[in-house]
Amino acid sequence: MDIFAQQLVNGLVLGSVYALVALGYTLVYGIMELINFAHGEITMMGAMIALAVIGALFGVAPDLPGVVIVATGLLVAIPACMLLGFTIERVAYRPLRHAPRLAPLITAIGLSIVLQNVAMLIWGKQYIAFPTTLLPQGRHEVLGASITDVQIVILILTVAIMAGLVTLINRTRLGRAMRATAQAPSVAQLMGVNVNAVISATFVIGSGLAAVAGVMVSANYGQAHYYMGFLLGLKAFSAAVLGGIGNLAGAMLGGILLGVIEALGAGYIGDLTGGFLGSNYQDIFAFMVLILVLTLKPSGLLGSKSVERA
Amino acid sequence: MKSPLLTISLAVALGLGLTACGDKKEGAADGGNGTVKIGQSSPLTGPQAHIGKDNDNGARMAIDEINASKPVIGGKPVTFEIMSEDDQADPKTATIVAQRLVDEGVVGVIGHLNSGATIPTSKVYSDNDIPQISPSATAIKYTAQGFKTAYRVMTNDAQQGKVLGAYAAKLGKKVAIIDDQTAYGQGLAEEVGKAVQAAGAEVVATEHTNDKASDFTAILTSIKGKTPDVVFFGGMDPQGAPMVKQMHQLGMNVQFLGGDGIQTPKFIELAGADADGVIASMPGLPLDKMPKGPDFQKKFEAKYGQIQLYAPYAYDAAYVMVDAMKRADSTAPAKYLPELANTNYEGVTGKISFDAKGDLTSGPITLYKAQGGKWETLETVQPQ
Amino acid sequence: MNVLEAMKGKAWLSATLLLAGLILLPFVVEPALGKSWMRIIDFALLYIMLALGLNIVVGYAGLLDLGYVAFYAVGAYCWALLSSPQFDLHLPFWIILPAGAMLAAGFGVLLGTPTLRLRGDYLAIVTLGFGEIIRIFLNNLNAPVNITNGPQGITLIDPITVGGFSLGKTQDVLGMSISSPHMYYYVFLLCVALVVFVSLRLENSRIGRAWVAIREDEMAAAAAGINTRNIKLLAFAMGATFGGLSGGLFASFQGFVSPESFNLMESIMILCMIVLGGMGNIPGVILGAILLTVIPEALRYTGELQRAMFGQVYVDPADLRMLLFGIALVLMMLFRPTGLLPSKQRKQEFAEERK
């Protein structure tokens with residue numbers, strides 16, 4: 001088997017997960033220049049809610065096909081997270097739209113602490129198992145690398161969602177309104193765009209994506225935990241910044257790049273440095289690359305140059 | 001605010017006011033009514049709360065039983081009382097808690113759970129001459145600091161690592177080692193690595209992850225390229241379970257081996273069918289092999305439910321402490337501390353006696369294999 | 001807010017009273033509440049230093065730093081390595097304490113240099129990454145050459161010792177037996193006084209005004225002839241110095257350091273202290289640090305209270321603690337975004353913005 005091909009697949013899967021979450025960050029940032037730090041936690045909530053539904057449904061009707069049970073969980077989690085995202089924006093971000101920039105960032109940190117602890121109170125401190133037997137367990141060999149059914153679904157879904165978002169932004173009325181709001185909210189308002197509604201819609205879409213990502217992550221790794229959103233959110237946010245925050249293709253590129261760098265880094269650093277550095281420095285790569293890219297190109301890989309963010 | 005000084009005084013006053021809210025009665029070491037306090041400390045909140053509570057329950061059950069037996073020490077009837085404090089598995093909080101236990105006049109402490117909390121507190125207890133028995137700290141450093149008050153009823157990383165390493169070498173000649181970069185995981189993995197080499201096998205890869213990770217495909221792929229016969233993981237169940245899953249996803253059908261961190265019911269629940277065949281160790285004898293074991297298990301489960309991890313060790317620790325007091329015929333720390341060194345006690349986890357440092361002299365270690373959703377006993381190894 | 005102004009007239013009286021109160025405080029606290037509360041007060045003082053240090057970077061210069069704990073770690077490890085059996089070095093405190101602070105300042109510049117062009121959110125994520133990188137390095141420098149002992153941490157760190165007089169154990173002074181936390185209290189108090197003094201002087205200096213100018217509008221500040229690069233680096237270095245100082249004190253007080261004490265949550269907590277208290281305002285920051293250190297310890301008793309009232313604990317006090325923190329942060333930003341004791345200037349700005 002080919003180790004390099006396998007590491008590439010590992011990186012692509014990990015990167016797709018990052019990209020899925022990063023899309024949500026970048027969507028919100030692109031419209032209102034706000035880091036929704038709680039986005040990782042919405043992902044976690046999506047996973048937890050879906051798992052609760054899956055567990056309950058499995059208990060009531062164990063004879064249903066596994067895919068149906070998981071799909072039901074996902075279909076409950078998506079609107080639940082959308083509602084959560086909508087509420088968060090209304091309660092915690094909207095009143096601060098004209099406050100100094102630090103203020104919404106700190107509410108976002110506060111919110112993410114609140115969501116974590118609420119999840120911990122509801123679902124406990126232990127890891128929760130995802131009943132992986134519900135999903136097909138197939139394993140395929142592609143070019144010497146092995147990949148599972150769930151991982152294939154993740155890859156396809158990420159690309160599909162990305163394509164859907166691009167179409168939404170570029171081809172629909174809502175998309176046009178979103179672009180207008182991103183450029184100049186006050187002008188957009190004058191042109192008859194309901195800015196508040198557009199921002200709410202953005203949050204709702206982003207949170208729906210987070211729910212999908214949450215379910216995918218827990219299905220792939222077989223478990224969920226109240227703390228899972230934090231690190232995931234951090235990595236995804238790094239990915240979004242790396243690609244140029246506010247740019248959909250950038251989030252995708254940043255996510256995949258980060259995943260591949262991490263996988264190749266962890267896989268080869270030991271051999272490259274003769275054992276001097278090991279995979280214990282895996283997490284450093286992400287941050288090193290981030291710092292490097294931002295130092296050389298402060299707006300990210302695909303970010304527009306004109307952005308002046310104070 | 002007119003004056004910053006005024007404001008600061010206000011702030012201090014407020015802080016003091018809050019401090020006063022926390023006011024508590026002061027306990028004398030040996031109250032007039034013969035009540036003697038024994039401290040217990042473990043994380044009662046946070047991610048490890050369930051394991052911390054388990055320690056608490058173990059110690060409580062022992063003390064309840066001892067009290068029911070109406071002990072007489074120094075010619076007086078004595079009632080023991082457990083004072084339990086939450087150290088949040090945080091080194092800083094742990095020292096505050098340790099100081100509090102000392103303030104409250106405990107004559108000994110059962111704790112702490114984590115090595116990271118046990119090591120800094122051992123200095124506080126040593127400074128105040130309070131004997132401490134940890135039911136679960138495995139770091140070698142804990143007893144290597146030269147404190148006369150530090151004991152443990154758990155084998156240390158070197159003892160367990162030796163057994164695991166020798167066993168890994170028996171399973172195959174090429175061993176890959178992964179650790180989670182925590183004090184526990186890294187300490188154990190290092191000792192396993194040494195023992196593997198001592199047993200004539202080869203460590204073909206040493207990889208690392210962290211205690212919050214869930215994706216191990218990169219390091220596993222790298223390990224796969226080195227075709228090991230055994231993969232050892234030093235870490236806990238939330239990482240061990242997805243790791244063994246991902247190993248199978250990558251088509252690696254090699255033996256997965258772990259320490260006591262993955263020898264839990266949770267590991268089997270999280271790993272599901274992938275858990276089958278995994279081997280993990282646990283210090284001590286299997287409960288059903290001990291004379292008092294099944295009885296303990298029955299009583300404990302009736303009172304507190306399933307044993308999580310270290311409750312039997314906390315139970316033994318409490319008995320060992322009181323045993324030393326009985327032999328010294330005193331509950332005064334200075335009096336019974338020398339007797340603690342001479343302990344020779346038949347506990348539910350095995351025979352307990354200490355070496356000069358405060359470590360167990362003989363720590364049997366049992367290996368278990370996950371089969372059909374349960375941990376089945378494989379064999380018990382007596383370290384040389 | 002002028003020191004001289006404040007010291008006129010009656011202020012002297014209140015200053016003397018405050019000083020006397022602070023010196024006598026341990027004599028009241030220790031017998032009444034026990035040494036554990038003495039330790040809590042000591043930690044509160046440490047956090048005051050940390051919060052005041054971060055306040056320079058975030059409060060004055062407006063640079064959001066989410067990796068501040070890295071400097072705390074640098075100071076702590078500097079002390080731990082130079083005064084413990086790890087390398088069998090036992091240098092005196094008057095060398096390593098400044099050395100740790102200077103080293104931290106160096107790291108501050110190291111962090112500041114590549115991030116000069118970054119603003120706001122980008123800066124936040126890069127500083128966060130920097131904090132993690134430092135922690136990961138400390139956690140991993142046990143192989144191939146063992147420097148930090150990795151996750152096992154460093155034990156048996158020397159306490160502050162002056163000419164054979166060790167602050168690490170109870171000592172008899174003038175016939176009174178004085179405990180180790182009690183003696184450290186005075187050392188910490190002295191350091192806090194120093195940090196407050198430096199902060200006050202900086203706030204009212206040219207540099208302080210330059211920081212505020214950068215915070216408000218960097219381009220305008222540059223146009224007004226401020227060397228924004230140096231002034232920003234100075235903010236990072238100054239903040240880091242205080243972090244390094246408290247780190248060294250922490251290591252000697254605790255006798256043990258390990259990487260787990262320097263995680264991201266710690267950085268966020270210090271940030272919460274200054275936000276809650278009042279960013280940019282020294283008394284506010286001090287209040288925030290005291291509150292956030294003391295409240296969790298006081299909340300410990302809610303567990304006992306619940307047990308006493310309902311016979312069992314329904315909500316874990318520590319869970320409640322984090323939840324309350326989160327809610328407090330959100331509410332604070334929504335209803336009192338300038339903190340409990342806002343600085344006069346920021347209050348004005350807000351009033352203007354709200355018009």
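Chain B has 13 helices and 16 strands; helices (H or I, at least four residues) and strands (E, at least two) are DSSP runs, numbered from the N terminus. This is a predicted model, in which local features need pLDDT of at least 70, side-chain atom pairs count only at pLDDT 80 or more, and totals for chains, interfaces and linings use all residues. Residues are numbered from 1 along each chain as its sequence is written, while chains are lettered from A and ligands numbered from 1 in the order in which they are written.

**Chain B as a whole**

- A compact globule of 384 residues would have a radius of gyration near 21 Å, and the 22 Å of chain B agrees with this. The radius is taken over C-alpha atoms, and the globule rule is 2.2 Å times the number of residues to the power 0.38.
- Along the principal axes, the C-alpha atoms of chain B fill a box of roughly 65 × 65 × 40 Å.
- Of the 384 residues of chain B, 61% count as buried. A residue is buried if 20 or more other C-beta atoms lie within 10 Å of its own, exposed if 12 or fewer, and partly exposed in between, with C-beta atoms placed from the backbone.
- Of the contacts in chain B between residues at least 6 apart in sequence, 68% join residues at least 24 apart. Two residues are in contact if their C-beta atoms, placed from the backbone, lie within 7 Å.

**A sheet in chain B**

- Seven strands of chain B form an open sheet with mixed pairing, in the order 9-8-10-11-12-15-16. Two strands pair if DSSP finds at least two bridges between them.
- Strand 9 (202-208) and strand 16 (374-381) of chain B stand at the edges with a single partner strand each, so one side of each has no neighbour in the sheet.
- Strand 12 (residues 279-283) and strand 15 (residues 365-371) of chain B pair in the antiparallel sense over five bridges. Ser281(B) stands opposite Leu367(B) in strand 15 of chain B.

**Chain C and its contact with chain A**

- Chain C contains 14 helices and six strands, and 57% of its 355 residues count as buried.
- In chain C, 31 residues are in contact with 36 residues of chain A. Helix 6 of chain C gives the most to the side of chain C that touches chain A, with eleven residues.
- By class, this side of chain C has 21 nonpolar, four polar and six charged residues. Ala, Val, Leu, Ile, Met, Phe, Trp, Tyr, Cys and Pro count as nonpolar, Asp, Glu, Lys and Arg as charged, and the others, Gly among them, as polar.

**Leu264(C)**

- Leu264(C) is found in helix 11 (residues 264-277) of chain C. Leu264(C) is partly exposed, with 17 other C-beta atoms within 10 Å.
- Leaving aside neighbours within four places in sequence, Leu264(C) is in contact with Leu128(C), Gly131(C) and Glu132(C).
- The C-alpha atoms of Leu264(C) and Gly129(C) are separated by 9.5 Å, and these residues are 135 residues apart along the chain.

**Two helices of chain A**

- Helix 6 (residues 173-183) and helix 8 (residues 195-221) of chain A pack at an angle of about 105 degrees, with their axes 10 Å apart. Axes are lines fitted to C-alpha atoms, for helices over the stretch in contact, and angles run from 0 to 180 degrees between N-to-C directions.
- By class, the contact between helix 6 and helix 8 of chain A has seven nonpolar, two polar and no charged residues.
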